[in-house]
Amino acid sequence: MRNILLISKKELSRHLGIFRNVIYISLIVLVATSILFFSLSAVNGYQDVNAYMSGLIITLGFYWIAGVPFLIYMGSLTIGTVSNEFRKGTILLILTRPVKRIEFFLGKFLGLFIYGSILNITIILFVTSLTSLMLRLPSSIVISAYYASFSFIIYSCVVCAFIICFGLILSVIVKSSRISMVILFVFILSLLFLPLFLKQISPEYQNKYPDVAFLFGSTNIGISEILGINIHPSVTTGLSHFSGIYKDNPSYKSRHYNYQNIIYPEYILKKPLKILNIPFYLSVILMLILILIIFVFSFFIFKRKEFY
């Protein structure tokens, strides 16, 4: 255990450079705060602002904060974490000491996981706090926003573990960082664009063949459901464009805005329909199992490697 903590501490310290982190955090915070600010400014009269704010945070976290920028950033850091040790020859020096391979591997994973988690926790709490101050939101809405942020933090940790495990496989198998980066980009961009492309061919393909995008989206919603977070239907439909976890409800008007001085029929606010009629918490379990399988597989490859 001591060796794991020492290796993870060293790995964590490698990524705590001020300049790089300030640039990344500033970019993500600027875009996220702007989206939240203008989205909430446009619906000041919304009756259920709590549900709308919670939905915005979870959706924004899904697409942006823990979305493509985060996957590329953390993936690019991970793909060199083991391959660099091979290239520099330091792997021999490390493993000739009383350090087991599993300790080395877990230490690398833990250091990267802590770094990625701290990064997203810092960003989402800063964005939520800044938006609340800028809009002078009531305390009840602020509390709901922080609770939704907590749901996102759990989801971001799951995503962080996934991309680190995927990056570790590349780091162990592929020696060239350039080739690993190309594979990483193709994988991440395929997660984003492949579902959109396939929907043009077969609009309901995710009904029969749920893909990784579906798993990510349902995991995100599943965590919020486990925590009992109420998300407004007009926000949850935004997840369908990518993940396909919902389909349009014929009785729901997606462009409808419900103001306090107008009463609309209840059917207008019905939630969009699930593609698969299964509890979303099962997706959370499947995601964790997938992460464990990828990690075990990457370590198995690392364990069988010969160093000379």
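A salt bridge is counted here where a side-chain nitrogen of Lys or Arg lies within 4 Å of a carboxyl oxygen of Asp or Glu. The model on screen is predicted, so local features need pLDDT of at least 70 and side-chain atom pairs count only at pLDDT 80 or more, while totals for chains, interfaces and linings use all residues. Residues are numbered from 1 along each chain as its sequence is written, and side-chain values use heavy atoms, with hydrogens and water left out.

**The whole chain**

Of the 308 residues in the protein chain, 51% are buried, where buried means under 20% relative accessible area, exposed over 50%, and partly exposed in between, with a 1.4 Å probe and protein chains only. Switching to a surface view, the accessible surface comes to about 15,900 Å², and 68% of it belongs to carbon and sulfur atoms; the areas come from the Shrake-Rupley method with a 1.4 Å probe, and for residues only the protein chains shown count as cover. If contacts are drawn (heavy atoms within 4.5 Å), then among those between residues at least 6 apart in sequence, 82% join residues at least 24 apart.

**Glu11 and its partners**

Next, select Glu11, Arg14 and Lys108, which salt bridges with shared partners join into one network. A search of the whole structure finds two salt bridges. In one of them, Glu11 pairs with Arg14, and the closest N and O atoms are 2.7 Å apart; both residues lie in helix H1 (residues 2–14), three residues apart, about one turn of the helix. Glu11 counts as buried at 2% relative accessibility, whereas Arg14, at 42%, counts as partly exposed. Lys108 also forms a salt bridge with Glu11, the closest N and O atoms being 2.9 Å apart. This pair links distant parts of the chain, with Lys108 in helix H7 (residues 101–135) and Glu11 in helix H1, 97 residues apart. Lys108 is itself buried, at 4% relative accessibility.

**Helix H4**

Move to helix H4 (residues 68–78), which is mostly covered, eight of its eleven residues being buried.

**The cysteines**

The structure holds zero disulfides, a disulfide being a pair of cysteine sulfur atoms within 2.5 Å. For Cys160 the nearest cysteine sulfur is that of Cys157, 6.8 Å away, and Cys160 is buried with a relative accessible area of 0%. For Cys165 the nearest cysteine sulfur is that of Cys160, at 9.4 Å, and Cys165 counts as buried at 1% relative accessibility.

Finish on helix H14 (residues 281–304), whose 24 residues reach 35 Å from first C-alpha to last, close to the 34 Å expected at 1.5 Å a residue; the expected span is 1.5 Å times one less than the number of residues. Among the buried residues of H14 are Met287, Ile291, Phe295 and Phe302. Then select Ile226, Tyr281, Leu282, Ile285, Leu286, Ile289 and Ile293, which make a nonpolar surface patch of about 660 Å². Patches are made of residues with over 30% relative accessible area and no salt bridge, like charges being joined within 9 Å and nonpolar side chains (Val, Leu, Ile, Met, Phe, Trp, Tyr) within 5 Å. H14 gives the most to this patch, with six residues, and Leu286 is in that helix.

Technical notes:
Helices (H or I, at least four residues) and strands (E, at least two) are DSSP runs, numbered from the N terminus.
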